[in-house]
Amino acid sequence: MQWVECKVRLPINGQRVWYYGPHIGVWRGKFEIDKSEDGKSMARKFGVPTDLFVCDEALGVVDSDDAPYWMPYEDGSERPTKPEVK
């Protein structure tokens with residue numbers, strides 16, 4: 001599997017992924033897009049990101065600004081090494 005940059009393509013809402021940020025390292029979790037029932041989230045109202053990585057290894061949530069790389073998680077896959085950022 002290859003790392004994907006969030007600026008190029010985001011995961012599908014609800015997709016299980018590995019995600020990486022230079023200040024947080026590599027983690028496993030689920031990608032979620034924060035939406036309210038009417039399609040306008042509180043996050044959008046206040047101008048903060050709505051694309052979130054929710055960790056399933058520890059308590060934590062980060063957005064694609066803090067975790068700009070991701071790759072699909074497949075059951076049983078080993079933790080990948082961090083991407084080579086140029």
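I counted two strands as paired if DSSP finds at least two bridges between them. The model is a predicted one.

Entry on the sheet. I found six strands in an open sheet, in the order β1-β6-β2-β3-β4-β5, with antiparallel pairing. The edge strands are β1 and β5 (61–63), each of which pairs on one side only.

Entry on strand partners. I looked up β1 (residues 4–5) and found that it pairs with β6 (residues 69–72) over two bridges; Val4 has Trp70 as its bridge partner in β6. Strand β2 (residues 16–21) is joined to β6 by four bridges, and Trp18 stands opposite Met71. Five bridges connect β3 (residues 25–33) with β4 (residues 51–55); there, Lys30 is partnered by Val54.

Entry on aromatic rings. I noted five aromatic pairs. In one of them, the ring centres of Trp18 and Tyr73 are 5.4 Å apart and the planes stand at 70°, so I recorded the pair as edge-to-face, the angle being over 60 degrees. Trp18 belongs to β2 and Tyr73 to the segment after β6, so this pair ties together parts 55 residues apart in sequence. Both Trp18 and Tyr73 are buried.

The rings of Tyr20 and Tyr69 have centres 6.4 Å apart and planes at 50°, so I recorded this pair as tilted. Tyr20 lies in β2 and Tyr69 in β6, so parts 49 residues apart in sequence are tied together. Tyr20 is buried at 8% relative accessible area, and Tyr69 is buried at 15%. Ring pairs link Trp3, Tyr20 and Tyr69 into a cluster.

Entry on a charge. I found the charged end of Arg28 over the ring of Tyr73, 5.4 Å from the ring centre.

Definitions and conventions. Residues are numbered from 1 along each chain as its sequence is written. This is a predicted model: local features need pLDDT of at least 70, side-chain atom pairs count only at pLDDT 80 or more; totals for chains, interfaces and linings use all residues. Side-chain values use heavy atoms; hydrogens and water are left out. Rings of Phe, Tyr and Trp (its six-membered ring) pair if their centres lie within 6.5 Å; planes under 30 degrees apart count as stacked, over 60 as edge-to-face and the rest as tilted. Buried means under 20% relative accessible area, exposed over 50%, partly exposed in between (1.4 Å probe, protein chains only). A charge sits over a ring if NZ of Lys or CZ of Arg is within 6 Å of the ring centre and within 35 degrees of the ring normal.
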